Amino acid sequence: MPGIRIQYFRGPVWAKTNEQLKKQIVEGNNPITGKPVMQELVEHLTKPLTAEEKRTGELVRDMGPATYTGTPDELQQLFLEKRYTDFMPIILPTEEKVAEMLKETSHQPDEQLGRMNPGSEAGENWTYTVKTAAISAVMAGAKPEYFPVILALGSTSSPALNVSDNGFAAGAVINGNIRDEIGLNYDVGAVGPYAHANTAIGRAWNLLSINGGNCGKVGTTYMGTVGNAQNALALIIAENEEDSPFEPFSVTRGFKKGENIATLLTGWGILSAANWRVNRWGPDMDYPQIIKDIHEQQNPGLFGTFVVLSPPIADFVRDAGFDSVAKLNEWISQPANQPAASAQPPAGARAGGAGAQAGRGGTSGRGGGARGGRGGGFGGFGGGGVTLVVTGASNNNYWMIGGLRPGQSVNIDEWR
């Protein structure tokens, strides 16, 4: 509906008194045209449709030329000016480099990989192919062996850059043997840009969102009021399965241990647990209680609570009587001030969040859902309980927490 009439008014609306709403919005002016809001609103509802507004047909997007020529410096500038990049230098996607990337998948270059919509324009989904993802992977500096992971992320049709004015972050948890095959970091500095695989995969997902899904364009398809530093790279978190006292995150979602699985995340992001008011430091750290207090403080109904524990903190949680994330969730859902040691979930109880096996509601086929996907997409809110992932090193008792909700899980091997 490219010709739909839209009425703009001065925002935001919430947190204003009735008098402020009346003066600033109802009796105010359109910030784009400068005309009175109510006058324009009446005109939009009553004026006859113009010929342009009556026009029907298909809206065809110009893909532009298949190739560009020029010196490396000229091409870097061209990609920057056309906003094909994240404003950082790229590896130029030559035909030879893209062909090398495509060797790592059995899927055809022209196969539709996904259909992405940043949420800015009603009903407008941009489709993209396996080759589009290969181009983005080359631009991000990814090695060819990373490509199946990038395809798995792109197959979900979920953007790494979202139009919301909240400045949402996006990420993914990677489980399975592929972590070591491609060199994903799950030791020192695991949640950070300290390994080529984590960094390049996160950046490739961002670039695919920009060029395949029209995302991340400030003022139209990105409206983060103050932005989010975690948008620079989509978070790629490889779980430290070997040092975790719990079963792998992917297993809690219904997959077998060792399967190569990517699970998408969206929400506010994460930060050091030391920044939360309810956190406590001392000789007797009650980590389950701290997790519960933070969970209750941060409006868990929106994105739930996403906990990233280093292995020693995970051991503390287990030693407090929680040998599974399901048991921790069951206790967290109980009334406040119940001691952790007395938490005994009823037999057969299913906890929320990562403790329960995810539903098998992913759509089949590609271009709207991932093959082999499990769990829901990113539509709507309602995070619920605690999602817990173990990663990082054991050199100190630090951990991270925030609001991220798991979405779809995808089998990476189906994209080899």
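Two strands pair if DSSP finds at least two bridges between them. Strands (E, at least two residues) and helices (H or I, at least four) are DSSP runs, numbered from the N terminus. This is a predicted model: local features need pLDDT of at least 70, side-chain atom pairs count only at pLDDT 80 or more, and totals for chains, interfaces and linings use all residues. Residues are numbered from 1 along each chain as its sequence is written, and side-chain values use heavy atoms, with hydrogens and water left out.

**View 1. Six strands form an open sheet with mixed pairing.** The strand order is β4-β3-β5-β8-β6-β7. At the edges lie β4 (235-238) and β7 (386-390), and each pairs on one side only. From one strand to the next, the twist averages 35°. Angles here run from 0 to 180 degrees between N-to-C directions; axes are lines fitted to C-alpha atoms, for helices over the stretch in contact.

**View 2. Strand β6 (residues 305-309) pairs with β7 and with β8.** Five bridges join β6 to β7, and these two strands run parallel. β6 and β8 run antiparallel, joined by four bridges. Val-307 has Leu-388 as its bridge partner in β7 and Ile-401 as its partner in β8. Val-308 is bridged to Val-389 in β7, while Phe-306 is bridged to Gly-402 in β8. Thr-305, Val-307 and Leu-309 point one way from β6; Phe-306 and Val-308 point the other way. Five of the five residues of β6 are buried, so the strand is largely enclosed by the rest of the structure. Buried means under 20% relative accessible area, exposed over 50%, and partly exposed in between (1.4 Å probe, protein chains only).

**View 3. Strand β8 (residues 399-411) is largely enclosed by the rest of the structure.** Of its 13 residues, 11 are buried. β8 runs antiparallel to β5, with 10 bridges joining the two. Thr-263 stands opposite Ser-409 in β8.

**View 4. Helix α6 (residues 130-139) packs with helix α7 (residues 147-155).** The angle is about 125°, and the axes are 10 Å apart. The two helices are therefore oblique to each other. Angles under 35 degrees count as roughly parallel, over 145 as roughly antiparallel, 65 to 115 as roughly perpendicular and the rest as oblique. Val-130, Ala-133, Ala-134 and Ala-137 in α6 meet Phe-147, Ile-150 and Leu-151 in α7. The residues of this contact divide into seven nonpolar, no polar and no charged. Ala, Val, Leu, Ile, Met, Phe, Trp, Tyr, Cys and Pro count as nonpolar; Asp, Glu, Lys and Arg as charged; the others, Gly among them, as polar.

**View 5. Ile-150 sits in helix α7.** Its relative accessible area is 2%, so Ile-150 is buried. Not counting residues up to four places away in sequence, Ile-150 touches Ala-137, Ala-142, Ile-201 and Ala-204. Contact means heavy atoms within 4.5 Å. The C-alpha atoms of Ile-150 and Val-130 are separated by 9.9 Å, with the two residues 20 apart along the chain. Nine of the nine residues of α7 are buried, so the helix is largely enclosed by the rest of the structure. Ser-157, with a positive phi near 65°, follows α7.
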